[in-house]
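Open the model in your viewer and have the selection panel ready.

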Amino acid sequence: MGESVVMDAHLVAEHPGFRLDLRITVRAGEVVALAGPEGAGKTTALRVMAGLDPPAGGHLTLDGVPMEAWPAGRRPVAMVPPDPLLFPHLSVLDNVAFGPRCHGASRPAARHTATVWLEQVGLTDHRHARPRDLTGGQAHRVALARALAVRPRLLLLDEPLSGPSSRPRARDLLRHHLAAFTGVCVLAVREPADASPLAARVLILHDGAALREEIPAGGGPP
Ligand SMILES: Nc1ncnc2c1ncn2[C@@H]1O[C@H](COP(=O)(O)OP(=O)(O)OP(=O)(O)O)[C@@H](O)[C@H]1O
């Protein structure tokens, strides 16, 4: 994968009484937000992109390569859910190392990668802690480190600025990492304004479809 990754997707999914039908193309280094009220289909769209929900049609390619060409579990995709869902029995370090391990890294190599990413998110001192000993904001930072540690080409963030992550320091940290991220990033937010520090474009979703595209107030990232 070079730096020219482009995601082209037609996301189709069905739940009882709900259908997602969304076309989205995102360039390398671009951050695009999906915004919409509860039930608009944001999480469903992210889950289909992540390969967590089976699509009911459509396609998703990264640099022209269909997502299903990668073996499940080795796809260059990482998703951070609103609840960090850390493994309670693993240390912070091993939570972050879990991703690289799944992608085939040896235990020492995975731990080295995890150490580097924990430093990036300012949690080196917490590497031996258990998730229960973290604040909500720290847990979100561990989840971000875990996602970035697999060097995903497609990064999916579900409501990254809600709860403890809405604080200015968390916003700044996320903005810093997204500015350095060379892959494709799609994030979900409730209000279009919530995307303004991060996303260059916002797709407004309603009932599973894109109503329109907006440039966020403030013009997105610098
Ligand atoms: N696993 C599921 N089984 C059945 N229906 C589901 C499932 N997941 C989502 N839905 C339904 O699909 C629709 C879209 O839900 P989705 O969670 O994608 O919306 P959302 O925009 O992310 O909302 P929120 O802001 O609440 O997270 C809703 O009607 C929801 O009830």
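This is a predicted model. Begin by selecting residues 92-102, helix H2, together with residues 136-148, helix H4: the two pack at an angle of about 30°, and their axes are 7 Å apart. Angles under 35 degrees count as roughly parallel, so H2 is roughly parallel to H4. Look at the handedness of the pair next: H2 and H4 make a right-handed crossing.

Now show the side chains where these helices meet. On the H2 side, select Val 92, Asn 95, Val 96, Phe 98 and Gly 99; on the H4 side, their counterparts are Val 142, Ala 145 and Arg 146. Sorted by class, the contact of H2 with H4 consists of five nonpolar, two polar and one charged residues.

Move on to the sheet. In which order do its strands lie? The order is E2-E1-E4-E5, in an open sheet of four strands with antiparallel pairing. Colour strand E2 (18-26) and strand E5 (65-66): these stand at the edges, and each has a single partner strand, so one side of each lacks a neighbour in the sheet.

Select residues 57-62, strand E4, which pairs with E5 in the antiparallel sense over two bridges. Within this region, pick Leu 62 and find Val 65 of E5 opposite.

Last, select residues 42-50, helix H1, which packs on the sheet and touches E2, E4 and strand E1 (7-15). Compare the directions of H1 and E1: they make an angle of about 120°.

Note on methods:
Residues numbered from 1 in each chain as written. Predicted model: local features only at pLDDT ≥ 70, side-chain atom pairs only at ≥ 80, totals over all residues. Axes fitted to C-alpha atoms, helices over the stretch in contact; angles between N-to-C directions. Parallel < 35°, antiparallel > 145°, perpendicular 65-115°, else oblique. Left-handed = near helix turned anticlockwise from the far one by under 90°. Contact = placed C-beta atoms within 7 Å. Nonpolar A, V, L, I, M, F, W, Y, C, P; charged D, E, K, R; others polar. Pairing = 2+ DSSP bridges.
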